[in-house]
Amino acid sequence: MEFIGEKLLQVVIALAIFAAVIGLIMLLVDRAPKSIKDKVTVAGFLAPAAILMVVGLVYPAIRTSTLAFTDAGGNANGFDNFVWMFTQPEALTTLRNTVIWTVLVPLLSTSFGLAYAVFIDKARGEKVLKSLVFMPMAISFVGAGIIWKLVYDYRGPNIEQTGVINFFLVSLGMEPKQFLLDAPGNTMFLIIVMVWIQTGFAMVILSAAIKGVPVELTEAARLDGANAWQQFRNVTIPGIRGALVVVLTTITIATLKVFDIVRTMTAGNYDTSVVANEMYTQAFRAGEPGRGAALALILFLMVLPIVVYNARVLRKQREIH
Amino acid sequence: MMRRVKTKLTSKWATAAAIIIAVVWSVPTFGLFVTSFRPAAKQVGPRSDGWWNAFVDWQFTIKNYADVLVPAGSQSANLSQYFVNSIAIVVPVTIFVLVLASMAAYVFAWGKFKGRDGLFIFVFALQIIPLQMALIPLLQFFTQTLQLPAGSYAQLWIAHTMFGLPLGIFLLHNFISEIPGEVIEAARVDGAGHSTIFWRIILPLSVPALASLAIFQFLWVWNDLLVALVFSGGTADVAPITQRLAEISGTRGARDYLNPAAAFVSIIIPLLVFFGLQRYFVRGLLSGGLKG
């Protein structure tokens, strides 16, 4: 166990350096001449975060955008990487899978989450029921990958099945199935894992939104003779529109970036790769940083409309304030 | 009368559907938990069967856990080392992000300078730059410009802090901007400087928001694989537990029966944090989601 001491020492040194830097900033802010005190404060408080974000996000984003137009040797090659992406069968499969993911995951997670939130609203044991579905949010994608590999486990037709789903298939007299190997079904089975994780997020946000819909509204609809479905359709849904948009966009962004699930469950083989995984493979395994960068750029372009939309909503809110 | 029966009926069906969803959602994790305690022969090989048989054929062992935790040569999972790495990575990152993000959020909420709102929206937008876009140049920057040793905590600390700041600033700003202006004004009249106001007033009042951000940051860094793959170098000196888990589960072999136990070791801390602090976690989600 001697390794713990050495690792702990590194942590303590890092924290001490950090404390010293922050202390120095506070000292500068306090000692600054009165005339420029406010300016020094703004600069001092903002500088560490600003420097880190410029170096860690802004500069790399610009750099990646230029890298996307170079070949493996770093020479400019125009749009070759993009031509590769939109013509090679493997690359096209990757793009197609990403589109399937980004359509299905937000849709399914939000539907399940909404249904569940409505079903358990004011039910007995609501808190426990919520925790059970919310729990996968805390589990890493790698952990989730192992959990679901176990669920999808496959054995030959004549021996005892160890995976839950194949066990049911065999009990019903069907052939066991290799869920992760057979394209295109296998992408669906990976998507289920992501839905399993994201449903809890959708459920928690939507449940809070549903509780925010005034009881008088649903009550009035009920008195007017609306049945449960009509109440839900015409009162609850419009009442939680904002939350629905937030949930859909957040899950869409998370899905576009999905990497770990594919990486741990199939490593992108058997036609299951997605852009985020292919980007890693090209840049760090195949020695093609240009192609990797081009894929990352495509990812960014896919996310961009959502960012612009959210930024506009935010700007509107700040104007109201 | 008719109507009352009807609503009751639908609610019964709804409860049934909810219970089915709850069961379907929990069975996978429960299956992993049970499997992790089953002896090797029950998991692989000719005498193996599904984990649900464990309740009929009562055989449990903690040997799997001992095997993955105790270091024994390079073949062993050696998880205790990686477990410590995960903690050594997560704790400083969480502190760095909390302090730096709240400083920035304070200035964005209460500082007065030109272009403040535009800059804030820009920071918000940064949140959505895919990590993938930043990795290649950042790795080059670390190894070539800064000459940081390959495979060190420092690279992971800095990278995670960079990636965590936009969300952190956004979440904390939502909270800090709601603090009543009179409180800050009163302190200023009493002669308090910005640093005093920040440490003595803003931070203590922001504890709920800080708690939710801390949980987010903790879970996010603990569960990360991509950043670790790129920056950790993959050795037992630095790499976090998720990376080791991906490694041992990625190769099919004679020791596959250890994967469930290894996976459970890696998810136990996030689960504890999650169940212990769920209240703050939900609050953070709501302030980040509904207001944005």
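A residue counts as buried if 20 or more other C-beta atoms lie within 10 Å of its own, as exposed if 12 or fewer do, and as partly exposed in between, with C-beta atoms placed from the backbone. By that rule, buried residues make up 49% of the 292 residues in chain B.

Before going on, please note that this is a predicted model, in which local features need pLDDT of at least 70 and side-chain atom pairs count only at pLDDT 80 or more, while totals for chains, interfaces and linings use all residues. Residues are numbered from 1 along each chain as its sequence is written, and chains are lettered from A and ligands numbered from 1 in the order in which they are written.

Let us start with chain B. It has 13 helices and 0 strands; helices (H or I, at least four residues) and strands (E, at least two) are DSSP runs, numbered from the N terminus. The radius of gyration of chain B is 24 Å, well over the 19 Å that the globule rule gives for 292 residues, so chain B is more spread out than a compact globule. Here the radius is taken over C-alpha atoms, and the rule is 2.2 Å times the number of residues to the power 0.38. Along the principal axes, the C-alpha atoms of chain B fill a box of roughly 75 × 75 × 35 Å.

Now zoom in on one residue, B:F142, which sits in helix α6 (residues 131-145) of chain B. B:F142 is buried, with 21 other C-beta atoms within 10 Å. Leaving aside neighbours within four places in sequence, B:F142 is in contact with B:L148 and B:Q155, where contact means C-beta atoms, placed from the backbone, within 7 Å.

Next, the two chains together. Their contact takes 89 residues from chain A and 89 residues from chain B. On the side of chain A that touches chain B, helix α2 (residues 37-67) of chain A gives the most, with 18 residues. The table divides that side by residue class; Ala, Val, Leu, Ile, Met, Phe, Trp, Tyr, Cys and Pro count as nonpolar, Asp, Glu, Lys and Arg as charged, and the others, Gly among them, as polar.

| Class, side of chain A that touches chain B | Count |
|---|---|
| Nonpolar | 66 residues |
| Polar | 13 residues |

Finally, a word on confidence. The mean pLDDT (the predictor's confidence in each residue, from 0 to 100) of chain A is 84, and 98% of its residues reach 70 or more.

Notes. Contact = placed C-beta atoms within 7 Å.
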